[in-house]
Amino acid sequence: MEKTIYRLDDKISFRKCDLFDDDKLSHGDCTNFDTKEKNWKTYYCCNNYGIHLHCTTHPEIELNTWFDEEYGEMYLGCPKCKEPIEMVENYKQTINRCLRMLNIEEFKNAKLVRLDDWYVPEIKEKEKIESGYWINTQVKTDKDGDTIIVVYVGHKGTNEKAQFFIKPEKLQLSNDHKDLDPAKILTKIEVTFKNKKVIQEFDEI
């Protein structure tokens with residue numbers, strides 16, 4: 001299995017050990033672990049929060065740590081570089097920096113959603129209601145970056161549906177004429193915006 005070393009700065013790099021995500025029955029490549037008994041088995045857990053610091057110049061080498069009691073300071077060191085790296089922050093803060101770096105990779109392709117009066121996380125949800133109808137909702141973003149709430153309503157047991165578009169920023173309510181006529185399902189739909197109420201009534205002819 002290919003190993004990955006992440007660069008934190010010019011002197012410190014880091015890796016995730018095999019115990020990063022969960023305790024395991026084997027310590028794997030973790031070099032600072034503890035054990036605990038669970039369900040009559042011995043599990044290994046990492047004392048470094050699953051993060052191990054390596055030398056950036058020699059990334060295959062894990063850094064040693066030692067504490068200078070005379071000056072009350074902690075240092076990191078690479079056996080090859082033989083130059084101590086002074087910790088300008090405590091060890092836990094360095095680990096937290098590494099975790100934040102990992103989050104960059106984790107969230108680099110995440111969808112950006114504005115959260116204010118009208119923006120909500122993108123969702124896709126099918127409501128369970130005690131009636132002869134089903135409701136399915138989606139929240140999307142249009143080409144202008146505005147929110148579109150799509151509401152599908154249909155009779156249970158059929159895929160035919162009426163489709164409504166609610167645009168909170170534009171204070172608009174409309175329906176898709178290519179789908180089922182809303183009058184075959186609803187008599188009225190009412191949407192309350194921040195400073196406006198829109199009501200549509202349907203009469204089946």
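A charge sits over a ring if NZ of Lys or CZ of Arg is within 6 Å of the ring centre and within 35 degrees of the ring normal. Start with such a case: select Lys92 and Tyr49, where Lys92 lies over the face of Tyr49, at 5.0 Å from the ring centre.

This is a predicted model, in which local features need pLDDT of at least 70 and side-chain atom pairs count only at pLDDT 80 or more, while totals for chains, interfaces and linings use all residues. Residues are numbered from 1 along each chain as its sequence is written, and side-chain values use heavy atoms, without hydrogens and water.

Select Lys38 and Tyr43. The charged end of Lys38 sits over the ring of Tyr43, 4.7 Å from its centre.

**The open sheet**

Now show the strands (DSSP runs of E, at least two residues; helices are runs of H or I, at least four; both are numbered from the N terminus). Three of them make an open sheet in the order S1-S2-S5, with antiparallel pairing; strands pair if DSSP finds at least two bridges between them. Strand S1 (6-7) and strand S5 (51-55) stand at the edges with a single partner strand each, so one side of each has no neighbour in the sheet. Select S2, residues 12-16: five bridges join S2 to S5. Arg15 stands opposite His52 in S5.

**Aromatic pairs**

How many aromatic pairs does a search of the whole structure find? Two. Rings of Phe, Tyr and Trp (its six-membered ring) pair if their centres lie within 6.5 Å; planes under 30 degrees apart count as stacked, over 60 as edge-to-face and the rest as tilted.

Select Tyr6 and Phe14. Their ring centres are 5.3 Å apart and their planes at 25 degrees, so the pair is stacked. Next, select Phe33 and Tyr44: this pair is edge-to-face, 5.3 Å centre to centre, with 80 degrees between the planes. Phe33 is in strand S3 (residues 33-38) and Tyr44 in strand S4 (residues 41-46).

**The hairpin**

Finish at S12 (residues 162-167) and S13, which pair in the antiparallel sense over four bridges. Lys167 stands opposite Gln172 in S13. The two strands form a hairpin with four residues between them. In the turn, Leu171 has a positive phi of about 55 degrees.
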